[in-house]
Amino acid sequence: MRASKYLLTTQKEAPVDAEIISHKLMLRGGFIRQHASGLYSWLPLGLRVFRKIESIIREEMNNAGAIELSMPLVQPAELWRESQRWSKFGPELLRLKDRHERDFCLGPTHEEIITDIARNEIRSYRQLPINLYQIQTKFRDEIRPRFGIMRTREFCMKDAYSFHLDQNSLQHTYDVMFDTYNKILSRIGLNFRSVIADTGSIGGSHSHEFHVIADTGEDAIAFSDKSGYSANVEKAEAIAPKEELITKYPQMVEIKTPGIKTINELSGFLNVCKTVLVKTLLVCSKKENGDERLSAIVLRGDHQLNMLKAQKVLESHGELAFATRAHIKEFIGCSAGSVGPVDLDIDLFVDRSAAALRSFVCGANKDDLHFTGVCWNRDCPPFKVADLRNVINGDPSPDGVGKLKIARGIEVGHIFQLGKKYSSLMRATVSNEAGQDTPMYMGCYGIGVGRLAAASIEQNHDNNGIIWPESIAPFQIAIIPINLHKSEAVKEYSENMYKQLIVAGYDVLFMDLEKIRLGNMLADVELIGIPHRLVIGERGLSNGQVEYRHRSRGENKSLAIEAVLSFIEQHVNKHS
């Protein structure tokens, strides 16, 4: 591609509202442009990256035996009502009416549509298993789109849905898709981890997320330093420590703690470690009939509550909510920072690590007062012990091998075992070997195309711009001539080299821009992340040499004119 005929729109500075590096560099490099909150166009340079990611995904999905189809973005409300998600999905589901006042939505996902297809097209178990996928636009009306194309309202993803006669068949395809996602991310060239995850609004019984490791990741993931175990922090089990043996019970003493409201303040005031302090949190959960129930959760002072775990332990039929200050004052008679488990007359749930303390410091349920020397069995009402906290660095790995480390990850893919969740509600049945109709088992497998591009930048960049993995770079090679308009030798050699590389099957950007300074062209090529560059100048040609540089390395290399093509063949893979 000749730069003189291409839409290259690089910028020296990114907009002030661009928060993370991928957003800044995609705007500066001319990969994307924003039209409204969460709505972007992919400019030609960005679309080249997008298509290469899409191609890798499509190839691996086809290799895994999946079959491509295309489903509509606009979906009828009737299907969503059948699945019972029309009212449950929330405001992210953009609802609209057509001219006949019929309800529709812009699909954030396609479980309903694919289940409708399956129940109409699949009749016999002999047609199973089958895995259908698409690479298509989705829309979620995010309350606060942010981070460029990392979290938008309109986005493109590959979503696949598999149908099965039984759980064993579903597990087999799930395992195949797990391996397929590993192949996709490995081919792109990313440092990633697959982690055990929560199923969220999609539902189902079992799921894994795929995270690209990056400091700017929104998710915290936990992994063993000595085994393959990894999980989203929300799902990682906090192993119960050994209980401290009590040889002599300490005396419980009430002490004055004027103005002390937080664990940090209490630790400093008493000059004790946070590990011997406990904090008592009051939360409101919902019963099946919609009534609210107030409960107390006790954690060790250095630990944080895991809301997902707590919601399951408390069997709440909705998200947990912390009790308000007014509610705490009315029910307990003190401020939130003084609540403790002693004589507490509500359901009491204690995290494993807190329950293992032989004695501890806690609030006295009176303002400006705390208890020291508290013992569970002697001083507190009956309680239930459960895993209620987030894991931290250094915790034992749940698989018993090594210790946990915490890293930040960008979720780029998610696979689910849906079971019969949708097929039962939508009556997607198939005739089994005995001739009986039975709901099909389903799997769901999603991966974000645009998000992969952004995640790649978050992981691969420097002060000069993007360092694309070679598999998805918009161009493989940049030819940069010096004074193209002044030197006939430079022009002739550059033109010949460009034509030879194109014929050989490489993606080449020829910077045939007259009267543009060399420094500006070099800066643009580094900014947009082209892996290989050839700088051709009259002085070098007179010495029989061309200057080569790899984007991720800091040194230039002189190549003999006659050896350039063979060098490229050895170091650059052709794109099919």
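A residue counts as buried in these legends when its relative accessible area is under 20%, and as exposed when that area is over 50%. Both Phe360 and Trp376 are buried by this criterion. The model shown in every view is predicted.

**Figure 1. Aromatic pair of Phe360 and Trp376.** The ring centres of Phe360 and Trp376 lie 4.5 Å apart and the ring planes meet at 40°, so this pair is classed as tilted.

Figure 2. Over the whole structure, a search finds 10 aromatic pairs. One of them, formed by Trp80 and Phe89, is edge-to-face, with 5.6 Å from centre to centre and 85° between the planes. Trp80 has a relative accessible area of 0% and is buried. Phe89, at 14% relative accessibility, also counts as buried. Elsewhere, ring pairs connect Phe178, Tyr181 and Phe210 into a cluster.

**Figure 3. Strand β29 and its two partner strands.** All five residues of β29 (residues 532-536) are buried, so the strand is largely enclosed by the rest of the structure. His532, Leu534 and Ile536 point one way from β29, whereas Arg533 and Val535 point the other way. Strand β27 (residues 477-481) runs parallel to β29 and is joined to it by five bridges; within this pairing, Pro481 has Ile536 as its bridge partner.

Figure 4. One cavity of 30 Å³ or more is found in a search of the whole structure. The volume of the largest cavity is about 40 Å³. Its lining consists of Glu526, Ile530, Pro531, Arg533, Arg549, His550 and Arg551. Classified by residue type, this lining comprises two nonpolar, one polar and four charged residues.

**Figure 5. Open three-stranded sheet β4-β6-β5.** The three strands are arranged in the order β4-β6-β5, with antiparallel pairing, and the sheet is open. β4 (74-76) and β5 (94-97) stand at the edges with a single partner strand each, so one side of each has no neighbour in the sheet. From one strand to the next the twist averages 40°. β4 and β6 (residues 103-106) run antiparallel and are joined by three bridges, with Gln75 bridged to Cys105.

Figure 6. Glu101 has a positive phi of about 65° although it is not a glycine. This residue lies in the loop between β5 and β6 and, at 56% relative accessibility, is exposed. Phe147, likewise not a glycine, has a positive phi near 60°. The loop between β7 and β8 (154-164) contains Phe147, which is buried, with a relative accessible area of 16%. A cis peptide bond, with omega of about -5°, joins Leu128 and Pro129. Pro129 is placed in the loop between α4 (111-121) and β7 (130-139).

Key
Residues numbered from 1 in each chain as written. Predicted model: local features only at pLDDT ≥ 70, side-chain atom pairs only at ≥ 80, totals over all residues. Heavy atoms only, no water. Buried < 20%, exposed > 50% of the residue type's maximum accessible area, 1.4 Å probe, protein only. Helix = DSSP H or I, 4+ residues; strand = E, 2+ residues; numbered from the N terminus. Pairing = 2+ DSSP bridges. 1 Å grid on protein atoms, 1.4 Å probe; cavity = no way out; pocket = protein on both sides within 12 Å on 5 of 7 lines; lining within 4 Å. Points joined across faces, edges and corners; volume = space filled by probe spheres on them. Nonpolar A, V, L, I, M, F, W, Y, C, P; charged D, E, K, R; others polar. Axes fitted to C-alpha atoms, helices over the stretch in contact; angles between N-to-C directions. Phe/Tyr/Trp six-rings, centres within 6.5 Å; stacked < 30°, edge-to-face > 60°.
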